[in-house]
Amino acid sequence: MINSPENIKKTCKGRAFKFGDDISTDLIAPGRLFHLRSNLAELAKYVLEDADPEFPKKVKQGDFIVGGKNFGLGSSREHAPAIIKLSGVGAVLAKSFARIFFRNSINVGLPALICDTDRIDEGDQLKIDLEKGIIKNITKGIELSFNPLPEVMIKILNDGGLTEHIIKNRGFNL
Amino acid sequence: MGKTISEKIISKHSGRDLKAGDIAVVDVDVVMSQDGTGPLAVSQIKKMGFSRLKNPGKAIFFIDHASPSPRRELSNAHSVLRSFASDTGAVLSDIGMGVCHQILVEDFSCPGDIVIGGDSHTCTSGALGAFATGMGSTDIAVGYALSKTWLMVPHTIRVNLIGKLNTGVFAKDIIIYLIGKITSDGATYRALEFAGPVSENMDMDGRFTIANMAVEAGAKTGLFNSDEVTKAYLESQGRGNCFREISADPGAAYEKIIDMDCSVVEPMVSQPHTVDNAIPVRELEKIRVDQVFIGTCTNGRISDLRIASEILKGKKVADGTRLIIVPASRKIYLEALKSGIIETLVESGAAVQNPGCGPCVGVHQGILADGEVCLSTQNRNFKGRMGNPEAFIYLSSTATAAWSSVRGYIADPREVLK
Ligand code: SF4
């Protein structure tokens, strides 16, 4: 499965923050903050604020975003997964992802995992082992599996993201 | 076995015989980003240690989203793009030129090309028969530097547009209706291929509108065969020489085939806050509109401005309603000026702004107030899209938008188009 390059934690543990279906990139990194796109650290202070105004204040290192179907639909802005990662989130779990968001997440080194998120509630303590491919819901005492990533994406993620992959290989090595 | 358009184009660009589900590194013909995604692409190119671009003549940076810049941070971001383009020989499309996707189809994309763009609506070029798709800044950075990307050949959903378009019904109504049926993730990871008599008889402007919104169903791209209509369009742009015939083989394998009878489609709107929340205008209760916006990469073309001017001629925008009109490109703006369309629109009370994205993404030029309602011809009505999460956005065709601006509420254009 997934190794652990320096910038991606092999295992992480934290709380689940639950969101609904169709969380758009306009909710994650809204256009009204367009001027902050060249300042990701500042933009990250508003991550998902339009979906849950308290979220940026509450989220801690290692926590998880848990969505429903079609997470990340909308714009191609890579800033969306980039600021989720910057806010400390260890992985995003959803029933399904919009295509560009999914690809961008892997490129920035943010694990985006497809699993049955109906079995996770707000505030549940989760532990994820990327190498073993297991999500433990500690609060509920259950284990969930997640869909394996395509081989090319595992390679990119294992290098730490697309930039690192290209630097390492001086081009694609997929 | 026969191939879909995606299988043909991606095979050709990888030098291998590929089918849906295969993954390959491919050569790309056109790479672009805009002022929201370009600066991050530039910093990624630098971080990866590249100082030259493989094909600068087909590497384009657009300044269209915040154009002209409404604030200092964005002016600085623009300046990054201007100097990077000048250092590397990349093409800069500066303020006033227009929306990236429109300039791509006017000046850059060709049938059979692979086009990647740092903007989700890059799929618009699919109307020319190009495999065109949106990606994030890092993928685009690699595309700029190496003219390569990796792609999974998508499975294809074929949409046969059959029947005929009734009076007052436009390409925009067709695509809103379709997305209402298949939902916002009904085509995720898939290509949509449009065919059938209605698409064959459709002008390029209509095809652009439909291809543009393929991503609103989650699709990777929205494709049309290239044909005589495509050829005539390219010739009108002075690019007849880039015409190639691209079409799906008769025996191509589709994941699904949808036969959509266009005769039953009425003027449609998407209600807040998702595109698939679709309903015929006729079934809406009277919804007052504070702002009407006609423009964008979806519906800011000459045929849009023309139908708007036909509807608005000799009439006035309703009291209490504002009408903003933004031509998608400079070429379109000039054509509308020369033919008197702009004069008619301005006389009716419209505020006509310079080519670009206008208020579409909530950066400038028409941000909504709390609780306000906007009817827009754009492609997306997500909460917060036009700069205010407390506002409500409805989407429609240009005819519906123009007529609603006269009425002051969302109104059926068949009242005036007979
Ligand atoms: S007009 Fe709107 S949808 Fe089109 S590129 Fe500009 S911001 Fe995006």
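How many residues does the contact take from chain A, and how many from chain B? It takes 40 residues from chain A and 48 from chain B, where contact means heavy atoms within 4.5 Å.

Before I continue, a word on conventions. The model is predicted, and local features need pLDDT of at least 70, side-chain atom pairs count only at pLDDT 80 or more, while totals for chains, interfaces and linings use all residues. Residues are numbered from 1 along each chain as its sequence is written, chains are lettered from A and ligands numbered from 1 in the order in which they are written, and side-chain values use heavy atoms, with hydrogens and water left out.

On confidence, pLDDT is the predictor's own score for each residue, from 0 to 100. Chain A averages 93, and 97% of its residues score at least 70. Within chain A, the lowest confidence is in helix H6, with a mean of 91, and the highest is in strand E2 (residues 64-66), at 98. Helices (H or I, at least four residues) and strands (E, at least two) are DSSP runs, numbered from the N terminus.

I turn to the interface. About 3,800 Å² is buried between chain A and chain B, and carbon and sulfur atoms give 61% of that area. Buried area here is the accessible area (1.4 Å probe) that two parts lose on being put together, summed over both. On the chain A side, A:Phe34, A:Arg99 and A:Arg103 lose the most area to chain B, together 20% of what that side buries.

A:Arg103 also forms a salt bridge with B:Asp139, the closest N and O atoms being 2.9 Å apart. Helix H5 (99-108) of chain A is among the elements that give two or more residues to the side touching chain B. H5 of chain A provides the largest share of that side, six residues.

Let me now move to chain B, and to B:Ser67. This residue sits in the loop between strand E3 (59-62) and helix H3 (72-88). Is B:Ser67 buried or exposed? B:Ser67 counts as buried because its relative accessibility is 2%; buried means under 20% relative accessible area, exposed over 50%, and partly exposed in between (1.4 Å probe, protein chains only). Leaving aside neighbours within four places in sequence, its contacts include B:Ile95, B:Asn354 and B:His364. The peptide bond from B:Ser67 to B:Pro68 is cis, with omega near -5°, and B:Pro68 is found in the loop between E3 and H3 of chain B.

B:His273 is found in the loop between strand E12 (268-270) and strand E13 (278-280) of chain B.

B:Ser147 is not a glycine, yet its phi is positive, about 55°; B:Ser147 lies in the loop between helix H5 (137-146) and strand E7 (148-152) of chain B and is buried, with a relative accessible area of 10%. B:Thr296, also a residue other than glycine, has a positive phi near 85°. B:Thr296 lies in helix H10 (residues 296-299) of chain B and is buried at 2% relative accessible area.

Finally, helix H1 (residues 5-14) of chain B is mostly covered, with eight of its ten residues buried. B:Gly15 follows that helix, and its phi is positive, near 75°.

How values were computed. Salt bridge = Lys/Arg side-chain N within 4 Å of Asp/Glu carboxyl O.
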